[in-house]
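Hi,

Here's the structure I promised to pass on to you. Have a look at it first, then read on for what turned up.

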Amino acid sequence: MRILSLFLAILLVSGLSFAQQRYLVSPNQEVIPITKYDNASDLIAKRQSQTLSKKTAGECGTTFLFGYDRVRYPSTSRFGAYHKDVMAQWYIAKASGEIDTVFWWDIAGENGAKDSLILLRILESNLGPNYGPGVPPHKPPCQSWGYWYSTNDKDQGVAAFIEDATDTTWISTIAPPPLGGPPTRPPWGDEIWGFGGYGKIHRQGLNYVAPRAETNIPLEVTVGQRFVISFKVNSGPDHIVNDIATRWAAWGSTGPVSTTDEDWPARNWKFYEHDSGPWPSCAGVNINDVKKGWVARGPLGTGATQDWTAAYNFWYTMIVTTNVAPLIEPKEDGDVYTTFSTGPQTITYDIWDCDPPNPSQAEVARAFIRYRVANTEAYTPFTPVWGPEIDVEMTEVITDVYSGTIPGLPAGKSVSYTVYAFDTKGLSNRGVPQSYKVVSLKNPYYWVDTVANPVHKN
């Protein structure tokens with residue numbers, strides 16, 4: 001979105017006298033539907049935050065966005081946390097500098113936390129490409145991981161962080177091989193920022209914390225540093241019966257993700273105060289097998305397999321002092337969606353490079369599409385089996401605009417793809433994983449009725 005104006009008008013479009021669909025309309029006539037989870041002021045605030053981080057192709061500066069924002073990773077689900085539960089997601093810093101603002105999104109407006117507060121902490125992460133779920137000998141999520149003991153917790157006697165524990169011995173809860181692996185180690189290390197839990201009222205829509213502005217204590221990271229952003233539901237020490245969930249938004253992939261992709265395995269974690277937490281689906285694992293303590297949640301929904309991925313809508317803006325990887329943004333209608341066409345499919349993205357310390361050295365070296373095709377029909381009710389990954393080079397058609405073409409496929413096939421880009425210094429970035437299906441009007445499982453008159457339903 002490239003809207004700099006903060007003045008958005010509200011348009012009400014009514015199909016029937018008793019049913020209304022609400023929209024935001026920007027000064028340049030962009031129409032944005034408002035769902036039942038949204039309100040106008042939150043969407044306007046979200047667009048304010050985007051102007052800090054989203055840039056027109058070719059634009060640079062020193063402030064960049066990292067993580068899983070709702071623009072690039074639209075919310076497809078909501079996660080609930082109850083008393084003493086913690087939501088967490090780990091990252092690897094892609095540049096050195098100061099984290100200016102941490103953002104998160106609440107999709108439902110439910111808040112059962114004491115005084116409506118959630119407690120933000122940023123800690124060192126022990127997880128990464130060389131240790132964690134999905135890294136042998138451990139299987140991918142969903143996996144129970146472990147906890148510490150705490151006599152200060154009058155509920156289950158457990159702690160999510162070593163600073164809160166009264167016994168610093170780590171208790172592993174992972175399933176034994178072949179389902180899980182050997183005993184685990186703690187996923188998190190020392191606190192970087194948060195004062196044992198920085199309280200912030202959790203509201204529906206856009207939420208944020210600006211570390212330096214709010215506390216005068218900067219939050220600084222260095223390139224390659226691993227850290228975790230966590231939010232604990234504020235609670236008293238005792239057990240709560242039938243408390244209300246506090247909810248966060250989450251994105252889930254619509255197809256498999258390569259095991260070499262930085263988003264695999266899923267980075268979304270949750271600390272459960274109780275065994276068999278109330279959220280039913282955990283990458284197909286039975287709820288009764290989910291143990292209290294930290295759990296690597298993994299992909300969303302019972303239909304997802306372990307090579308799918310997911311992420312909470314936690315993101316941050318950062319004032320960088322080092323080189324950054326190329327920026328990748330789809331053009332309007334640049335992605336491919338479910339189609340009747342069996343011909344080649346062209347994908348078009350804005351891709352440009354930024355190097356704040358050395359602007360003259362910023363240059364995209366290569367851009368390509370990595371895709372694979374399901375070798376079972378998209379219509380079947382069974383999980384498709386995906387073929388090998390294939391790379392298709394993208395070419396710069398005009399300045400900062402790159403296109404590549406996936407060959408045509410017969411009706412019934414599904415495609416999963418991701419756009420990648422490298423700069424001349426070897427830094428790489430990738431777009432959001434996408435997928436589409438090639439469908440037909442008629443196939444062995446259904447056909448489109450082109451004769452009967454449909455009955456309108458709002």
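This is a predicted model: local features need pLDDT of at least 70, side-chain atom pairs count only at pLDDT 80 or more; totals for chains, interfaces and linings use all residues.

Three strands make up an open sheet in the order 5-16-19, and the pairing is antiparallel. Strand 5 (77-81) and strand 19 (310-312) sit at the edges, so to speak: each pairs on one side only. From one strand to the next, the twist averages 35°. If you zoom in on strand 16 (residues 246-252), you'll find three bridges linking it to strand 19 in the antiparallel sense.

Next, the nonpolar cores. The largest one has 42 residues, and the members that touch the most others are Phe 227, Ile 229, Phe 231, Trp 248, Phe 314 and Tyr 316.

Now for the cysteines. How many disulfides does the count come to? The answer is one. It joins Cys 60 to Cys 354, with 2.0 Å from S to S. The angle about the S-S bond is -90°, and the link between Cys 60 and Cys 354 is left-handed. Cys 60 is in the loop between helix 1 (40-53) and strand 4 (63-67), while Cys 354 is in the loop between strand 22 (345-352) and strand 23 (364-373), so the pair ties together parts that are 294 residues apart in sequence. Are the two ends buried or partly exposed? Cys 60 counts as partly exposed because its relative accessibility is 35%, whereas Cys 354 is buried, at 0%.

Another residue to look up is His 138, in the loop between strand 8 (117-125) and strand 9 (143-149). With a relative accessible area of 7%, His 138 is buried. Setting aside neighbours within four places in sequence, the residues in contact with His 138 include Tyr 131, Trp 145, Ile 174, Pro 182 and Thr 184.

As background, most peptide bonds are trans, and most residues other than glycine have a negative phi. Here are some that go the other way:

- Pro 141 and Cys 142 are joined by a cis peptide bond, with omega about 10°. Cys 142 is in the loop between strand 8 and strand 9.
- Trp 264 and Pro 265 are also joined by a cis peptide bond, with omega about -10°. You'll find Pro 265 in the loop between strand 16 and strand 17 (268-272).
- Phe 195, in strand 12 (residues 188-201), has a positive phi near 60°. At 48% relative accessibility, Phe 195 is partly exposed.
- Asp 400 has a positive phi of about 70°, and lies in the loop between strand 25 (395-398) and strand 26 (401-406). Asp 400 counts as buried because its relative accessible area is 16%, and buried means under 20%.

Cheers

Notes. Residues are numbered from 1 along each chain as its sequence is written. Side-chain values use heavy atoms; hydrogens and water are left out. Two strands pair if DSSP finds at least two bridges between them. Helices (H or I, at least four residues) and strands (E, at least two) are DSSP runs, numbered from the N terminus. Axes are lines fitted to C-alpha atoms, for helices over the stretch in contact, and angles run from 0 to 180 degrees between N-to-C directions. A nonpolar core is a set of buried Ala, Val, Leu, Ile, Met, Phe, Trp, Tyr and Cys residues joined through side-chain atoms within 4.5 Å. Buried means under 20% relative accessible area, exposed over 50%, partly exposed in between (1.4 Å probe, protein chains only). A disulfide is a pair of cysteine sulfur atoms within 2.5 Å. Contact means heavy atoms within 4.5 Å.
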